[in-house]
Structures are given as structure tokens and as C-alpha cells.
Amino acid sequence: MKSIKKAVISTAAVLGLSAGAITAQANPITDWDFTVTGEWITVGPDAPVYSAGGGTQFNSADLLSWGADLIDPAPTDGGGDRFQARSGLEVTDTSVMGSIATGAGPVDTVEVTHFNNTIAGVFASLESATFLTTLTLTPTAPAPGAPIGPVSQSIPIEFVETFNEEPCGFAVDSVCDDIFVFAPESLTFSFELDGFIYTTMIGAPGLGPLGDACDVAGAPADCIGITTPEGEETPVLFNFKIDVRPASVPAPGSLALLSLGVLGLAARRRAKRS
């Protein structure tokens with residue numbers, strides 16, 4: 001049986017813009033080419049944190065896994081036996097190139113899959129990790145421009161390995177969904193270019209307010225994140241969008257800037273249950 005693990009969210013966010021990358025534009029940039037990469041930070045203060053316990057923990061740029069002692073760290077082994085199973089988070093699409101329009105809908109980028117298997121409580125499990133995304137934007141319209149970036153954004157994540165017995169304490173798809181809590185401020189960043197401020201917003205389908213799950217996670221009541229069903233492989237396809245405003249216009253609140261993905265978590269669950 002799993003026990004609840006509570007994590008401390010790292011609050012650092014890194015934002016870098018290449019010197020000399022900004023070029024003059026008479027009008028806002030309307031179209032861009034982009035490259036996005038994603039990886040787990042495995043060293044330093046943002047390295048993964050695990051609870052006390054046995055088993056084997058494995059960290060690499062594209063895979064975090066934990067659970068039973070195995071030579072192979074693969075997280076796909078549910079095994080049907082919690083004393084033999086492993087869980088994990090795998091970056092299944094680490095680099096994406098494409099095009100995006102300012103003010104348009106979100107564009108898909110990297111994908112992370114949660115292999116949510118039931119592991120015995122004697123094994124250590126993940127408590128927190130930091131996902132690093134790196135973005136390069138190249139203006140293509142109304143005129144081509146020099147690349148802007150790379151911009152590196154650290155996304156701290158608190159992970160809660162829940163008890164696998166009812167009551168779960170929040171609306172769930174399984175007994176009981178695991179919980180990911182994101183730091184909202186890490187999902188947006190802005191830069192100024194020739195009198196305009198461009199804000200990039202990271203989102204994903206299902207990413208949104210967690211409601212009662214915030215209390216279970218020991219997070220603030222207005223926390224945001226994702227829950228994933230027990231015993232399933234859940235791919236999370238991250239996306240991003242770009243909005244623009246004149247530099248003279250004040251920024252809206254941080255929560256208003258969040259891209260919550262194509263579907264909200266509640267809407268997805270209602271459709272599933274219907």
C-alpha cells in the first residue's frame with residue numbers, strides 16, 4: 001500500500017535571452033518558428049527528491065523511475081505485484097520543432113508519460129522534481145528576424161503518491177489517482193521587443209485547478225496541476241501559446257495567463273463518465 005508523500009516545491013525559475021537577439025520591429029511579430037526541448041534536471045538543488053525507503057531510484061534526462069530493485073530501471077513493469085512493480089516519468093518526446101502564430105491557440109510540444117503502478121509502501125517514491133524546457137523563437141512575419149533565445153524555464157513539480165484505498169478525498173478516476181502540483185509562476189514568462197511584451201504560456205490537457213486534491217497534497221487551496229489514474233500509462237502532451245500587448249499596458253494576473261490546454265480536467269472527466 002502506498003503512503004502519502006508530500007514534497008517541497010522549488011521556486012526557482014530561470015529566464016535567459018541571448019544578447020543581441022532582439023531586432024527592431026515596427027509592428028508586433030505575428031508568426032514564429034520554434035524549437036522546444038524538455039528534460040529532467042538530475043543534479044544540483046533541483047534534482048529529484050525521493051522519500052525514505054528501499055528499492056531502486058533511477059534518474060536521467062529523459063527518465064525518472066522508482067520502486068522495486070531491478071537491473072532494468074524501466075517504469076513500465078506493473079507486474080501485478082506491488083513488491084515487484086516500478087513507476088516512472090518518461091520524456092517520450094524530447095525535442096519538437098514547428099510554427100506558431102501570436103495570439104492563436106496552443107501548439108503541442110514535448111510529451112511526458114506517467115507510468116502509474118502500485119508499488120509497496122516500503123519503497124521510496126518520488127516527492128519532487130524539476131522539468132527544464134528550453135525554447136528558441138525565430139520571427140518569420142511580418143518580417144524574418146534573428147532567433148530569440150534559447151530561453152530556459154525550470155518547472156518545479158510536487159508529486160504525491162496517494163494511498164490506494166478509499167476514500168481518496170477528491171474526485172478521482174481510480175483508487176486513488178496520483179497528484180502533480182505545479183508552481184503557477186513557472187508556467188509563464190515574458191520578454192519585451194520593440195515596445196511590445198510577448199508572454200509565453202505553458203499548458204497541457206487536464207492542467208488546471210485541483211480543488212480538493214490541493215488539500216490532499218498539502219498545497220494551497222487554489223493550487224493547479226494534474227492527476228493521473230492508478231494502474232495506467234498517462235501521456236501528458238505539453239503545449240504553449242504566445243500573447244502580445246503594448247509595453248504600456250499592465251500585465252494581467254498570473255493565473256489569467258495560464259494556458260490550461262485543450263480540455264479542462266473536469267470536462268474530461270464528465271465526458272468519460274457519461
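**Aromatic rings, disulfides and the chain**

Tutor: Ring pairs link W40, F131, F182 and F238 into a cluster. Rings of Phe, Tyr and Trp (its six-membered ring) pair if their centres lie within 6.5 Å; planes under 30 degrees apart count as stacked, over 60 as edge-to-face and the rest as tilted. The model is predicted: local features need pLDDT of at least 70, side-chain atom pairs count only at pLDDT 80 or more, and totals for chains, interfaces and linings use all residues. Residues are numbered from 1 along each chain as its sequence is written, and side-chain values use heavy atoms, with hydrogens and water left out.

Student: How many aromatic pairs does the structure hold?

Tutor: A pair of aromatic rings is described by the distance of the centres and the angle of the planes. The number of aromatic pairs in the structure is ten.

Student: What is the arrangement of the aromatic pair of W32 and F191, stacked, tilted or edge-to-face?

Tutor: The ring centres of W32 and F191 are 6.2 Å apart. With 85° between the planes, the pair of W32 and F191 is edge-to-face.

Student: Which strands does this pair link?

Tutor: W32 and F191 are 159 residues apart, so the pair links distant parts of the chain. Strands are DSSP runs of E, at least two residues, numbered from the N terminus. W32 lies in strand 1 (residues 31-40), and F191 lies in strand 11 (residues 188-193).

Student: Is W32 buried or exposed?

Tutor: Buried means under 20% relative accessible area, exposed over 50%, partly exposed in between (1.4 Å probe, protein chains only). The relative accessibility of W32 is 0%, so W32 counts as buried.

Student: Which cysteine does C168 join in a disulfide?

Tutor: A disulfide is a pair of cysteine sulfur atoms within 2.5 Å. At an S to S distance of 1.9 Å, the partner of C168 is C176.

Student: Why is the disulfide of C214 and C223 left-handed?

Tutor: The sulfur atoms of C214 and C223 are 2.0 Å apart. The disulfide is left-handed because the torsion about the S-S bond of C214 and C223 is about -100°.

Student: How many residues are in the chain, and what percentage of them is buried?

Tutor: The secondary structure of the chain consists of two helices and 15 strands. Of the 274 residues in the chain, the buried share is 48%.

Conventions:
Helix = DSSP H or I, 4+ residues; strand = E, 2+ residues; numbered from the N terminus.
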